[in-house]
Amino acid sequence: MMKFRFRRQGTDPQRERIKQELFAFNKTVGHGFPHQPSALAFDPKLQLMAIGTKSGAIKIYGAPGVEFTGIHGDATAVTQIHFLPGQGRLLSLLDDNTIHLWELVAGPSREVGGAKKEGVVTLKHVDSYSLPGRPGIESCSATRVTVLLLLKSCDLLCIGTEGGGVYFLELPRLSLKENQTLLQEPITQRLPDDYRCGKSLGPVESLQEHPQQPGKILIGYSRGLVVLWDLGAGRVEQLFLGKQQLESLVWERSGNLFVSSHNDGGYSVWAVTSGNACSPQPVSSTIPYGPFPCKAINKILWRTSQSGSPVLLYSGGMPRASYGDRHCLTVQQDKEHVTLDFTSRVIDFFTVHSIKPEKEFDDPSALVVLLEEELVVIDLQTPGWPSLPTPYLAPLHSSAITCSCHIANVPPKLWERLINAGKAQRGRQQTHMSWPICGGKNLAPPPKQQELLLTGHEDGTVRFWDASGVALTPLYKLGTANVFHTDCDDPHDPGDDPDLQQEEEWPPFRKVGCFDPYSDDPRLGIQKMSLCKYSNKLMVAGTAGQVIVLGFNDERSDHSVDVSVVDLLQDREGFTWKGHSRLEPRLKPAPFPPGFQPLVLVQCLPPASVTAVALHTEWNLIAFGTSHGFGLFDYHRRNSVLARCTLHPNDSLAMEGPLSRVKSLKKSLRQSFRRIRKSRVSGKKRVITTPTSKVQEANAALAEQEEVAPVQRRIEPRSADDSLSGVVRCLCFADTFLRDGTHHGPTLWAGTNSGSVYAYALEVPGVGSGRACERGGASESSSCVEAVLGKEIQLMHRAPVVSICVLDGRGKPLPDPYEASQDLAIAPDMTNAHSVLIASEEQLKVFSLPKVSAKTKFKLTAHEGCRVRKVALVLFSSAAQEDYNEHTLVCLTNLGDMHLFNIPALRPQVRYDCIRKEDISGIASCVFSKNGQGFYLISPSEYERFSLSAKVLTEPLCSVQLDRPLELTISRDGTTMQPQANGTHKTQMGQAEGQTLEPPSSLSSPILDTPLDSPLSCADLTLDSTGELTVEDVRDFLTTVDEVENNLKNMKEEEGRSPGILIN
Amino acid sequence: MSFDQHVFCFVQFEAEYRRFGLKRNGSGGFQEFYRLLQTIHHIHGVDVLLGYADIHGDLLPINNDENFYKAVSSANPLLRIIITKREDEPVVYGTNSLQRRKKGLGLTGLRTTGSGTIHSKSKSGLMIGPPQNFRQISSIIDVDILPETHRRVRLHKHGTKKPLGFYIRDGVSVRVTPQGVEKVPGVFISRLVRGGLAESTGLLAVNDEILEVNGIDVAGKSLDQVTDMMVANSHNLIVTVKPANQRNNVVHRESKNFMGNSGSVGSAGSTGSVLSHESPSPASQSNPITASSSIAEGDSEDEDDDGDIILENDCPTAYNPHLVTKRNSVKLNGESSCSGPHPSAVGRPLPQSMSLPSSIGASLGYSSNTMSGHNGSLASSSQDSMKDDGTELTL
């Protein structure tokens, strides 16, 4: 042990170099839907869409695979985003009243997968600006920005404020044009007396530029007044005396009309006629869902079309009493009228339409709606306005994710069949339209192998995602609810079905989107999954102890599922299950669509949640464990082989149903009360944000902390009669030597929460070594699988066993079923002695086989004070040498860091900080791929993808053809951000695409400027961006209520924190 | 003969061995047993000391009715008894005493010359050392290398049910640094559990600051991390504390240059603790005390203590839960395992029930003929050897 510790400290330069070639930590890309989106923008020229979030992140999406991410230094909500069309620049307005300028910039070429890629572009923060408060006015609310308008010329930004003033900012320098500021006084003077009635006009609600005459803008004030203002002349062109509270304005393409939407749920059409200085009445005024009081129409769009009548799109406006709680968006054209009914709040929407000035009509082709939980795209060209499947931004959390599983290197055959099954599922909603947001160019090399990410959900579905590239796209969805009798017998997703339209109803609602967080039966939830990619068998296990084995079938099939019940208690006396009852299986044959179809259902008794599964398709065996014991089932012969109770006789708590419900309820009640109290405190203080109040706030928060009694921790060694000691934590099948050193055969290993490991020798007919021959005809006659308890290991420290893995004679993990027999992997070494690696929460330990004696160990908890949460054996390939690779044990601890160990020596290799230690759900959701990548949830809807390998990286690499004058990018303090001459860009572009013609320059830049295999690359990264970007910022997806206190916490933590790591 | 009611005694006196059976709940106390042993070994009139190996391999004394019953009840079913002449050097009881005998020090008679001389010196006057019938539960170690304000305490749990019994909390510690006085976060003992190990030693107190756990600095570690480290090391916990009460510190004696540089505290159960410096116990003497050795020692000790229990289940018996349980060769994986001259290792009850599901039982019986692995044969042979010499005696 001592020697080993010293050796670890010594550095062997040769080994260090190899380590650098093998390991490198990078957070590469986020998958899924951004948590709490708050702003949306679209650049019609570049065909790029930007989404801002409440945590201050900006994500830009173009064609599938084209993604850029930027994070504001302080985690304040992004309230508005505006593109400078075609320039690759965008402006963001934050909740703290600051305006930020971002740029897509290029960098030097870089090596990706052996090929040189140039023209790679990243998003970079350039500058920020905040409006000064007007002197003499104590509160800054007068200059609080309400709306922004970018003129088409892109050199002027108009800022509407709460005080009613309009400010003008020169772009891209972000300098205020002091003399042009338009306050309300000159406008009120021109108003007729009866309209004025002494009141202020209210905040600026909308600013819109005249579509045909540059320099004329429409200013809408909250009270209802709309002014057409000539910027050049600095005078009022026309006044429109609206009487209703204004919500939004939109021009008609010709500029002869504009439409205003109002607070009372109505909209008005106004005519613009030159020479008429004041129009007191709109041309028409409608309340579409009247006559009863309606909610406000928040935003309205008016799009002309070639076919005649314009398309009108507006959000809100629902009758207050009957449908006031719905999140709706109405699309109407002529007689066609659809009220899209969403399951979450509408954040913003835009249409994709023709912007060429020579075209006479808008001709909208698609409507893009950003909702709080998903993105919905409606095809406006196809009759019936069907929704379009999104190739990215998939709502992973349409039902809460309960588990996940990654399958690397999927065979092409299974891949194809999955895609076909998925197509058949989506069959009816297929539209011919291609994805409308198609800006940028994906430079990433096509994935070398197909990767599959499986997510299990609370509603009993398993979703299959294509995780090969940057965009996580849905492939296929499997529902398991139809195996059982449930309240909803056909959980068909209404979003899939456009025919579900109820004709009689007014408004004509149509359910759109697939976000549906309400689970019909929590027992259906998926807890564990295992897929054999060679035999296409899938095993899923759920909350009510159900274990389903499914096989792939390309045809629709009606059959009934074989049901078996396995009693894991084995007639133990004195236990009563107080939890949920088991699911009732469906007895009649049910129709199963093409795809994975259930074959066998095994139900555990008591129906506790399944905690571990293992599948061995070559032996036709499944193993499953719950908090009471584990079972072994032969799904080919449909008989139960083994059931073993792991309960400790003293452990009565495990029997009381879902894990210690009483305790957690009490705890959660206490926590929620605390949260309410805190939110009251912080909520009050959020209103005033002067520096002094901030100090008070901090003091108050500190004082609050003082009140709480100091946290104490009891130092007690683990004892055998801890509750839940019987929970089976891991199961594994292996063909190894359990009985003696000469005969190997199938074995089953199970580890429990109290550090017990059970090893069973299995007799599988037709499988196994010489033992069968020894017994001669005996094995033929007994056609049943048998299990014999071979070994029991009780780890002294009694820590939960996290993982068990058998290593072959060369110290390599055994291959998966079928891999060796079908020559897909190197056959395991059966000549030398095997060993078993048992990872508990506290220690990693390798034991020799068949005589179980400790060979090596690493005591992680005793040395580092952290506990093992997740463990995986990963094959790392060297980035430098083509055929050099190493099997490495990757270990995620409760502190969120990754420890890498070589096997079987268990020598520590590297350590990386990965997940914030407070992010418990992130750590719990982490899943590793076999080639050194991993995923974890950074919010309920988003996976962060990371890579530990220096070679295998999946990250966005994309270029965008930009069109912008490049002479300057000077930041506010005078430092040049990107001192690149025009010419450089041109040549770069030429090299990159080889087909550049019109753009005066295009930019390219890598995501990471440093070589990827340098372990320092993360640290270097921050240097060329703002420097304040930290991991924590990305992951802080906090609710507004908790924001203040969390910011405080961050402030306090700031000192101790090392320079942050930029994600992606 | 049922295993529940009988104890197999395996008695060793110098080079002689005796085996016999003993009724577990037979009447008769220590005196009767003492006479019985004298009879068996034919050593009437020789003044001897009795010791037995407890489940952890520790040599514990039998000198009254109470610990005799304890010894009998702990037998599972084997009770290993070691008899030594009282004229010999005092037997050292306590942790790892059996292993120490096995290691360098050998049987009680053979001791290294260095320690021998010390002993002869001390023997001439007062006998200094831990009281003979006490078992060490804690010790102060590394007194010479630590600053006087710090104390390194080792707690021996002996696998007893007695909890370590203390709580820790976060706090603020004031340190004097070159930059001046600085407040840094620290971990403190917040509470001692009544009757717990920590309290009974008297070496740890509320508000003591914890500086190290098994040689690892806790600075910068969170409360949860420190908790986990302590729990992970609980079977052999060495904590370095800065006592809140600095008046009871061990004072360095400059003139003291012989080996007794560690204080140790012995305690027999709850009878209180005796503080005795300069203990000649081999445990403290054999520690070369350097800064790094505390880790090394911790680790090497771990190797001893950290034996996982492995149960081999491929024995060729017909299914009978009792038989299976008893006949498995149960083996401690550490150094106290059956290496050495002892034919069978120390038995130990398993926390998990070992009864097998009936399906396995059936298959066990079925395959019993073919599956007699070497483990099974070892188990049976050891049992045979237990019987062969057995002058069966009942009290």
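**Aromatic rings in chain A**

A:Phe596 is buried, at a relative accessible area of 3%; buried means under 20%, exposed over 50% and partly exposed in between, with a 1.4 Å probe and protein chains only. This is a predicted model, where local features need pLDDT of at least 70, side-chain atom pairs count only at pLDDT 80 or more, and totals for chains, interfaces and linings use all residues. Residues are numbered from 1 along each chain as written, chains are lettered from A and ligands numbered from 1 in written order, and side-chain values use heavy atoms, leaving out hydrogens and water.

**Ring pairs**

- Rings of Phe, Tyr and Trp (its six-membered ring) pair if their centres lie within 6.5 Å, and planes under 30 degrees apart are stacked, over 60 edge-to-face, the rest tilted.
- Going by that rule, there are 28 aromatic pairs over all chains.
- One of them is the tilted pair of A:Phe25 and A:Phe946, with 5.9 Å centre to centre and 40° between the planes.
- A:Phe25 sits in strand S1 and A:Phe946 in strand S65, so this pair ties together parts 921 residues apart in sequence; strands are DSSP runs (E, at least two residues), numbered from the N terminus.
- A:Phe25 is buried at 4% relative accessibility, and A:Phe946 is buried at 0%.
- A:Tyr476 and A:Phe596 make another tilted pair, at 6.4 Å centre to centre and 50° between the planes.

**Cluster**

- A:Phe25 and A:Phe946 turn up again in one aromatic cluster with A:Tyr912, A:Phe928 and A:Tyr936.

Note on methods. Helices (H or I, at least four residues) and strands (E, at least two) are DSSP runs, numbered from the N terminus.
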